[in-house]
Amino acid sequence: MGDLTANFSKSEFDCNDGSVMPMDVLVNVQEQAENLQVIRDFVDRSITVNSGHRSPTYNKKIGGAKNSQHLLGNASDIKIKGISPKEVADIIEGLIRIGAIEQGGIGIYSSSGFTHYDRRGTKARWNG
């Protein structure tokens with residue numbers, strides 16, 4: 001069981017460099033987890049969060065976008081076992097369309113096997 005939602009824990013969203021998550025970021029991570037919970041409930045499969053919050057140092061180190069939504073705790077790179085990144089993106093798109101989750105960015109990273117979803121509030125789509 002998670003401490004943010006039924007299935008997500010804060011530790012899943014912690015920066016991969018071990019840095020401390022600022023409190024203002026945690027508020028955004030809570031909302032991100034709630035949106036991911038809707039996706040999880042819809043697909044009825046666990047979701048692996050590869051990357052949640054990123055510190056500025058870590059984001060720069062891995063070549064993340066300068067204004068990445070990961071810096072704010074508004075983004076997650078996710079994998080769902082048995083569902084391709086393109087199919088995950090299509091599911092997210094459908095859930096946005098019906099208002100079940102927030103509008104934002106969807107990036108399909110087929111070669112790396114993950115899908116990026118963020119809650120930037122405006123529609124952005126790309127292939128990585």
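**Notebook: sheet, helices and core**

I began with the sheet of this predicted model. I find 5 strands in an open sheet, ordered E1-E2-E4-E3-E5, with mixed pairing. I then looked at the edges: strand E1 (48-51) and strand E5 (124-127) each have a single partner strand, so one side of each lacks a neighbour in the sheet. From one strand to the next, I note an average twist of 25°.

Next I went through the pairings. I recorded E3 and E5 as parallel, joined by 4 bridges. Ile108 is the residue I found opposite Asn127 in E5.

I turned to the helices. I see H1 packed on the sheet, where it touches E1, strand E2 (75-79) and strand E4 (114-118). The direction of H1 makes about 130° with that of E4. I see H3 packed on the sheet as well, in contact with E2, E3, E4 and E5. For H3, I have an angle of about 165° between its direction and that of E3.

I gave E4 its own entry. Is E4 enclosed or open? I count 5 of its 5 residues as buried, so E4 is largely enclosed by the rest of the structure. I checked which way the side chains go: Phe114, His116 and Asp118 point one way from the strand, Thr115 and Tyr117 point the other way, and all are buried.

I then listed the partners of E4. With E2, I find antiparallel pairing over 4 bridges, and I have Thr115 of E4 as the bridge partner of Ile78. With E3, I again find antiparallel pairing over 4 bridges, and here His116 of E4 is the bridge partner of Gly107. I noted that E3 and E4 form a hairpin with 4 residues between them. In that turn, I read a positive phi of about 80° at Gly113.

Last, I looked up the nonpolar core. I find 25 residues in the largest one, and Phe13, Leu36, Ile39 and Ile92 touch the most other members.

I followed up on Ile39. Leaving aside neighbours within four places in sequence, I list Ile47, Ile80, Ile92, Leu95, Ile101 and Tyr117 as the contacts of Ile39. One of these, Tyr117, is already in my E4 entry as a buried residue, pointing the same way as Thr115. Another, Ile92, is among the residues I named above as touching the most other core members.

Terms used:
Residues numbered from 1 in each chain as written. Predicted model: local features only at pLDDT ≥ 70, side-chain atom pairs only at ≥ 80, totals over all residues. Heavy atoms only, no water. Core = buried A, V, L, I, M, F, W, Y, C linked by side-chain atoms within 4.5 Å. Buried < 20%, exposed > 50% of the residue type's maximum accessible area, 1.4 Å probe, protein only. Contact = heavy atoms within 4.5 Å. Pairing = 2+ DSSP bridges. Helix = DSSP H or I, 4+ residues; strand = E, 2+ residues; numbered from the N terminus. Axes fitted to C-alpha atoms, helices over the stretch in contact; angles between N-to-C directions.
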